Amino acid sequence: LIMVPEYENVQSPFELFEKKLDVIISKIIHEKDFAVSIADPDYRDLVSLLQGCHEIINNAFNNSAKFGISIRVNQSLLRIRQQLYRIEALLPLLAVDSEQDKRENSIYLAIKLIKYNCKKNNIRRLMLDSTQTIAYEVTQHTAKTGEHYITHSKKEYYQMLLTAMGAGLVVGFLCIFKVLLGKFHVSDFGHALLYSLNYAFGFILIYLLGFTLATKQPAMTAAAIVKSIEAGMSGLVNEADRHRSFAILFAQLFRSQFIAFVGNVFVAFPVSLILIWLLQGIAGFQVVDSHKSQVLLTDINPIESLAIFHASIAGVFLFLSGIISGSISNKIKHKRIYNRIKEHPVLKISIGKENAARFAGWIERKWAGVASNFWFGVFMGSTASIGIFLGLNLDIRHITFVSGNLAIGLFGENFHTGWYPILMGIIGIGVIGFFNFIVSFSLSLWLALRSRDIPLSELKYLFHSVWLYFRYKPLSFFFP
């Protein structure tokens, strides 16, 4: 009833089907051929009720966009649908009017059994069927969020720049805090905890203030792009228009990501530089020494370090944070958290009905983002310590933090580094940003395509249209 409230006051077709099946069985027992006629009214009612059962299951899946869906409910619905398909395969055996019907029904059953037997050990198909609806709902929620990360007009474009600059300001402080936390003499677990809290609370602050961290965009916008592909494949527009509209949307996404990168990097660098100058140059507090500065500069260098690999790890974490956000949004909707908080008797007495409703609204709108940013911070802060524990060279590289670390490293060397570290630092920022983007976007795009059962072959035509549009209007990929 949670998934199909419209059937709350209607007698269940499942119950009626069971009763009608008992009637058919009673008739068959007394028939010479152990079957009824195809024209039998009870048999026709049985077939009609079976279609009604199918309709309820289909409506339940369709309503998942409105009410959310849990893994338990999803598996139960899939199991019921499977049983209905099996009943549908056996139902023709109950109705026989001639010897030909007996032969055709037997052949029909044999073919069905062979098909079932061929697929019974197909684990990949089972996993795809079992997770497709959940994946759809997760990406459906991230698509709604991702629509806000794509700018369409000049006003939105420059607004994105301002919000990205705000995020760069916060990251500048986080870079300094991380270096300072690294000076604490604690265990590797202690450093993981401190770094995770630094990242987590910083990301949550960026989110709550409405700022934009550039690399959070791909995991959200991939689902929004696939949503537009799905709309185009519905047949409402012709193929050429569908591909062109995708190219225009991709250009809008690309320039939104570009200006967000610019806002993050061009503010994080000077803020980090000013802060370390105030702490170490003016106050005399030793933040970094020459050795630490060299480590920071080397870590950015894509040739002398594993910066590309570490940037890819960060891309995976960005993808996972998008999954967490969509999953929590789906759960909040399915569990009706808004109504449960709004009508909670203790909250209504303690803070009042209006405040309880406002708090419920805040949870519904913001909690998924808060939780995903918190876990993204935990992933980012604990990776290096987990790598030490496992004896592996694991770490993360994030474009915005790398720009702040470049400023700290140059200051620690008193800018007496020569041109090579500066050049490789600039190149490293671009390379790291690219892999942050491409890994998270690719994983998110794959999940979104699979959730909507769109073939990967469709991408070949879509990206060809992007290339043609880039040749026609290259500047639109950077400026509105």
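Student: Where in the chain is V96 found, in a helix or in a loop?
Tutor: The model is predicted: local features need pLDDT of at least 70, side-chain atom pairs count only at pLDDT 80 or more, and totals for chains, interfaces and linings use all residues. Residues are numbered from 1 along each chain as its sequence is written, and side-chain values use heavy atoms, with hydrogens and water left out. Helices are DSSP runs numbered from the N terminus (H or I, at least four residues; strands are E, at least two). V96 is found between α4 (71-90) and α5 (99-119), in a loop.

Student: Is V96 buried or exposed?
Tutor: Buried means under 20% relative accessible area, exposed over 50%, and partly exposed in between (1.4 Å probe, protein chains only). V96 has a relative accessible area of 16%, so V96 is buried.

Student: What distance separates the C-alpha atoms of V96 and F34?
Tutor: Along the chain, V96 and F34 are 62 residues apart. In the model, their C-alpha atoms are separated by 8.9 Å.

Student: How many salt bridges does the structure hold?
Tutor: Side chains of opposite charge can pair when their charged atoms come close. The criterion for a salt bridge is a side-chain nitrogen of Lys or Arg within 4 Å of a carboxyl oxygen of Asp or Glu. By this criterion, the number of salt bridges in the structure is seven.

Student: Which residue forms a salt bridge with D42?
Tutor: The closest N and O atoms of the pair are 3.2 Å apart. The pair links distant parts of the chain, 22 residues apart: D42 is in helix α2 (residues 41-62) and its partner in helix α1 (residues 13-29). D42 counts as buried, because its relative accessibility is 15%. The partner of D42 is K20.

Student: Which residue forms a salt bridge with D40?
Tutor: The closest N and O atoms are 3.2 Å apart in this pair. D40 lies in the loop between α1 and α2 and its partner in helix α1, so the bridge ties together parts that are 13 residues apart in sequence. The partner of D40 is K27.

Student: What is the separation of the closest N and O atoms in the salt bridge between K348 and E343?
Tutor: K348 counts as partly exposed at 27% relative accessibility, and E343 counts as partly exposed at 46%. The closest N and O atoms of this pair are apart by 3.3 Å.

Student: How many disulfides does the structure hold?
Tutor: A disulfide is counted when two cysteine sulfur atoms lie within 2.5 Å. C53 counts as buried at 1% relative accessibility, and C175 counts as buried at 2%. The number of disulfides is zero.

Student: What is the area of the nonpolar surface patch that includes W419?
Tutor: Patch residues have over 30% relative accessible area and no salt bridge; like charges are joined within 9 Å, nonpolar side chains (Val, Leu, Ile, Met, Phe, Trp, Tyr) within 5 Å. W419, in helix α17 (residues 419-451), is exposed, with a relative accessible area of 63%. With I303, Y420, L423 and I427, W419 makes a patch of about 540 Å².

Student: Which residues form the positive surface patch?
Tutor: One of them, R340, is in helix α13 (residues 337-342). R340 is exposed, because its relative accessible area is 51%. The patch is formed by R72, K331, K335 and R340.

Notes: Areas by Shrake-Rupley, 256 points an atom, 1.4 Å probe, with all protein chains shown as cover. Lys, Arg positive; Asp, Glu negative; His and termini not counted. Charge placed at Lys NZ, Arg CZ, Asp CG, Glu CD.
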